[in-house]
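Subject: Handover of a structure and the findings from it

Dear colleague,

Please find the structure below, with its sequence.

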Amino acid sequence: MLTNLPPVTKGLLIANAGVFLLQSLLGAAAFAPLMLWPPGVDAFMRMAGVPGFWPWQLVTYGFLHGDLAHLLFNMLALVMFGAQLEYTWGPRRFLTYFLVCVVGAGLCQLGIVSWTLAQGGQPYPTLGASGGVFGLLLAYGMLFPHQRVMLLIPPIPMKARTLAIVFGVITLVMGITGRQPNVAHFAHLGGMLFGWLLIRYWRGQPPFGRGPRRRPPARRF
């Protein structure tokens, strides 16, 4: 199966699986400095083992996963949506897009966790490729809106555009209502937002451009 995948998708798949294997062997604590931590961690928290924020975490957190189910879900989505996008865009643009979504999701998550700290909450790390994966889902829905895809649970076929909208709405509702507090719902939405902005930038659409010019209507004489 790996031989049929384009190079970047294959590389991301292998990298995530390899890092998860190292996590299982060395323990999660060894990878704490690579998880995404909020800024503003005080000295007392650092003494307690909280690494605090470092810029590289905006990328490295996207290659760490909490458990096997978390990894498998993200990698399945990477293969489903990422391979076709890479064939369409090419390796360089696809990798750029994926990393922008990961970083964008991380920035949104930093905002949420910083607000939680300001309200008296405790710092906690974020990890997982879900922000990048949600960005891939959005791109797939935009580039192949009428392509039929099959949900796993429940097994319902639907158009890719519909799937992206449904997942986006569910994630927004979950984030607002506070359900599944151990899931970074707003990071998922951040991945979709930054992916949407990047696609519009590439297309020269607002707010980055005026979009494709339309020919004026022909005048009849």
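**Overall architecture**

The chain contains eight helices and two strands, where helices (H or I, at least four residues) and strands (E, at least two) are DSSP runs numbered from the N terminus. Along the sequence, these elements follow the pattern α-α-α-α-α-α-β-β-α-α.

This is a predicted model, in which local features need pLDDT of at least 70 and side-chain atom pairs count only at pLDDT 80 or more, while totals for chains, interfaces and linings use all residues. Residues are numbered from 1 along each chain as its sequence is written, and side-chain values use heavy atoms, with hydrogens and water left out.

Of the 221 residues of the chain, 41% count as buried; buried means under 20% relative accessible area, exposed over 50%, and partly exposed in between (1.4 Å probe, protein chains only). The accessible surface of the chain comes to about 12900 Å², and 67% of that surface belongs to carbon and sulfur atoms. These areas come from the Shrake-Rupley method with a 1.4 Å probe, and for residues only the protein chains shown count as cover. Among contacts between residues at least 6 apart in sequence, 69% join residues at least 24 apart, a contact being heavy atoms within 4.5 Å.

**Helix α1 and its buried side**

Helix α1 covers residues 7-26, which makes 20 residues, and it reaches 28 Å from its first C-alpha to its last, close to the 28 Å expected at 1.5 Å a residue. The expected span is 1.5 Å times one less than the number of residues. The buried residues of α1 are Val8, Thr9, Leu12, Leu13, Asn16, Val19, Phe20 and Gln23. They lie on the same side of α1 because they cover an arc of only 140° around the axis, the arc being that of the directions from the helix axis to the C-beta atoms.

The buried residues of α1 pack against α4 (68-89) and α5 (91-118). On the face turned away from the buried side are the exposed residues Pro7, Leu21, Leu25 and Leu26. Just after α1, Gly27 takes a positive phi of about 95°.

Asn16, in helix α1, counts as buried because its relative accessibility is 1%. Leaving aside neighbours within four places in sequence, Asn16 is in contact with Gly62, Phe63, His65, Leu71, Met75 and Ala129.

Gly62 is found in the loop between α3 (57-60) and α4. With 2% relative accessibility, Gly62 also counts as buried. Not counting residues up to four places away in sequence, Gly62 touches Asn16, Val102, Gly128 and Ala129. Gly62 and Val103 are 41 residues apart in sequence, and their C-alpha atoms are 8.5 Å apart in space.

Leu68, in helix α4, is partly exposed, with a relative accessible area of 48%. The C-alpha atoms of Leu68 and Ala17 are separated by 9.6 Å, although these residues are 51 residues apart along the chain.

Helix α6 (residues 130-143) has 14 residues, which should span 20 Å at 1.5 Å a residue; its end C-alpha atoms are 20 Å apart, in agreement. This helix is mostly covered, with twelve of its 14 residues buried; among them are Ser130, Val133, Phe134, Leu138 and Tyr140. The buried residues of α6 pack against α4, α5, β1 (148-150), α7 and α8 (185-203).

Ile165, in helix α7 (residues 160-177), counts as exposed at 52% relative accessibility. Ile165 and Leu138 are 27 residues apart in sequence and 8.2 Å apart in space, C-alpha to C-alpha.

**Aromatic rings**

The structure holds eight aromatic pairs. Rings of Phe, Tyr and Trp (its six-membered ring) pair if their centres lie within 6.5 Å; planes under 30 degrees apart count as stacked, over 60 as edge-to-face and the rest as tilted. One of these pairs, Tyr140 with Phe144, is tilted, at 5.0 Å centre to centre and 50° between the planes. Both Tyr140 and Phe144 are buried, and ring pairs link Phe81, Tyr140 and Phe144 into a cluster.

Arg93 lies over the face of Trp202, at 4.1 Å from the ring centre. A charge sits over a ring if NZ of Lys or CZ of Arg is within 6 Å of the ring centre and within 35 degrees of the ring normal.

With kind regards
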